[in-house]
Amino acid sequence: MNPIKLAFTYLRIGVLNEMQYRINFFIQLLQSFISVATGLIGLSLVFGQVTTLAGWSRPELLAVMGVHLLMGGVIRSIIQPNMERLMDDVRNGTLDFALTKPADAQTLVSVREFRFWQLVDVIVGMVVIGIAFVQLKGTLGILQLLGFLAALIMGGVMLYCVWLMVTSISFWVIRVHEISNLFEGLYAAGRWPVGIYPDWLRTGLTFLVPVAFAVTVPAEALTNRLSGTSLLFALGMTLLFVILSRGLWRLGLSNYSGASS
Amino acid sequence: MRRYIDFYLASMKIAILSQIQYSVANYFYMIGMVTEPVIYLVVWTTIAKQQGGMAGGYTAGAFAAYYIIWTLVRNMNIVFTPYGWEWRIREGQLSMELMRPIHPIHGDVAYFAGWKTVVIFLWLPLAAILSWIFKPDFDIRWMEVIVFSLAIWGAYLIRTILLSLLGMITFWTTRVSAIFDLYFGLELILSGRLVPMTLMPTWVQNLSNYLPFKWTFFFPIEALVGNMTDTQLWSGVGMQVLWITSGTLFLNLIWKSAIKQYSAVGG
C-alpha cells in the first residue's frame, strides 16, 4: 500500500468530516484571534520596558510568534490528534484494528486523524509572519525562502518524532494523557527565541523537545540569522530523530498485548 | 451539616488515595505546567538585567519569588474544568449525578480539594529545584504565611465558582470552546498570571480591582512575596470572602434556571 496514497485518503475523509461542521471554522478563527491578541499584549508589555529583547527587535519577535502559531496549527491539526488516538487505542486494546490492516502500522497511526479547521492557525500564523516581514522592511530572497521552508519542514518532522516517542511510552505506562499537557507546556516556550533561556533549558529545548528547530530556526531564516551550518545540523538532527522514533515505536509495539479487546 | 462533612472527608480521602497512585502522571502534568512561569520568569529576568537590574519595580530575585510561588497558586487554581462540564452535560453524565442526594458541585469541590493536598506535597521538591536555579529573594513574615495559607484556598474556591459558571453555559449552547478561550485570555491578562499586576498599565490595574480574577492569582502570590501591611492582607482575604459569597449565591441562582434547560443531549 502506497503510504502517500493512504495518507491522502485519510486526509480527504478528515476534510469531508469537518466540512459538515462549517461553523467550527468561525469558532476556530475567533480562537486564533484570541491567541494572537494575548500574544500581542505580551509583546507590548515587554516592549513597553525595552526596545530589544536579547538582541531581537519587536518585528523580529512578531515573526517568531507567527512561526510558533503556524507550527502550533500543524501540531494540533495532524500530529496531536493522531497521537492522542494512539494513546487511547493502546490503553483500550483497539490498536488491534490498525495492526491487522495491510499497511505499515506507523504510517497508519500517524495519518488516521485530521483536524481540518485547526489549519486556520497556520493561515493566521502566515499572516502574522507577513506583517512582521513588512515591518522589517526586508526582502525575501529565494535562498532565504527555501531555507525557511526547509527549516519549517524539518522542524515539523522532528516534533512529530518526539510526539511519537513520547506516545510510545504508553505501551509501558498506562496514564499518559498528562504527556500532552507536558508537551504543550514545553512547546509554549517556543513563543520566544530559545537564545533567551538559560543553558540547561536551551539544551532541553534543542535536543529533547526540538522547539528550537521547529520555531527559532525557521524564524532565524526569516530574519537573516541562519547559517548553512545550522541548517545542515538541523538535517542531521532530523535524521537522528526519525531513526530513534522508529526504533522506540517498534520496541513499544513488540510490547503491546491488546489486553482489553 | 454532618453528612456534608462526612461526604467531604470521604471524597478527599478517595482523591488522595487515587492520585498518589498516579504520581508519575501528576509529575508530568506539573512539569508541563511549570514551563509556563519559567518562560515568563526568563523573559522578565532578561528585561530586568537589560535595564540594569530592575523592571517595573521588580528585581530578578523578586520576579523569581513571584513566579515560583505562582506555580503553587496555579496548582491550587486547577479545578474541575469547564470542558468537563461540557462533556458532563453533552454526554448526559450529569443525569447520574443529579440522582444523588447532594449537589454535584460538592463532589467537584471535595475531590479536587483532596487532590490539592497531594499536589502541595509533590510541589515542595519542585519549588526547591526552582529556587536553587533561579535564586528568589524571599522576605516573609509570619502573618504573610498565615494569610497565604488561607488565600490559596480562597483562590481555589473562587476559581471553582467561576469555572463552574463558565462550564454551565453548556446548558444553553454546546459550542462553548471559543467562549472558554475568551475567558482564559481575559483571565491571563487581568489576574496576574502573565505578569504581576503592577507591571500592567494603570487602567488595566483599575479594571482588575472590580473583577474577581486577581484574587485568584495576584493576591495570594503578593500576600506571600510582596510587602503588604496587615490591613491590606486581611482586607484581601475579606475581598475573597465577598467574591466567594456572592459567587455562591449567583451560582445557585443560575443553577436553578440551568437545570430546567438540561436535556442530556447525548445521554
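Mentor: Helices are DSSP runs of H or I with at least four residues, strands are runs of E with at least two, and both are numbered from the N terminus. This is a predicted model, in which local features need pLDDT of at least 70 and side-chain atom pairs count only at pLDDT 80 or more, while totals for chains, interfaces and linings use all residues. Residues are numbered from 1 along each chain as its sequence is written, and chains are lettered from A and ligands numbered from 1 in the order in which they are written.

Along its principal axes the C-alpha trace of chain B spans about 60 × 40 × 35 Å. A compact globule of 267 residues would have a radius of gyration near 18 Å, and the 19 Å of chain B agrees with that; the radius is taken over C-alpha atoms, and the globule rule is 2.2 Å times the number of residues to the power 0.38. Of the 267 residues of chain B, 42% count as buried, where buried requires 20 or more other C-beta atoms within 10 Å of the residue's own, exposed means 12 or fewer, partly exposed lies in between, and C-beta atoms are placed from the backbone. Two residues are in contact if their C-beta atoms, placed from the backbone, lie within 7 Å; among the contacts in chain B with a separation of 6 or more, 81% are accounted for by residues 24 or more positions apart.

Within this chain, helix H3(B), residues 60–76, packs against helix H6(B), residues 104–134, at an angle of about 165 degrees, with the axes 10 Å apart. That angle makes H3(B) roughly antiparallel to H6(B), since angles over 145 degrees count as roughly antiparallel, under 35 as roughly parallel, 65 to 115 as roughly perpendicular, and the rest as oblique. The axes are lines fitted to C-alpha atoms, for helices over the stretch in contact, and the angles run from 0 to 180 degrees between N-to-C directions. H3(B) passes H6(B) in a right-handed crossing, a crossing being right-handed if the near helix is turned clockwise from the far one by less than a right angle and left-handed if anticlockwise. H3(B) contributes residues including B:Ala64, B:Ile68 and B:Leu72, and H6(B) residues including B:Val119, B:Trp123 and B:Leu130. By class, this contact of H3(B) with H6(B) divides into ten nonpolar, three polar and one charged, where Ala, Val, Leu, Ile, Met, Phe, Trp, Tyr, Cys and Pro count as nonpolar, Asp, Glu, Lys and Arg as charged, and the others, Gly among them, as polar.

In the loop between H6 and helix H7 (142–167) of chain B sits B:Lys135, which has a positive phi of about 50 degrees although it is not a glycine. B:Lys135 counts as exposed, with 11 C-beta neighbours inside 10 Å.

The contact is made by B:Pro82, B:Gly84, B:Trp85 and B:Glu86 of H4(B) with B:Leu163, B:Ser164, B:Leu166 and B:Gly167 of H7(B). These residues of H4(B) and H7(B) divide into four nonpolar, three polar and one charged.

As for the rest, the contact between the chains takes 30 residues from chain A and 30 residues from chain B. On the side of chain A that touches chain B, the elements giving two or more residues are helix H2 (23–49) and helix H8 (177–188) of chain A, and H2(A) gives the most, with eleven residues.

Leaving aside neighbours within four places in sequence, A:Ala151 is in contact with residues including A:Val217, A:Pro218 and A:Ala221.
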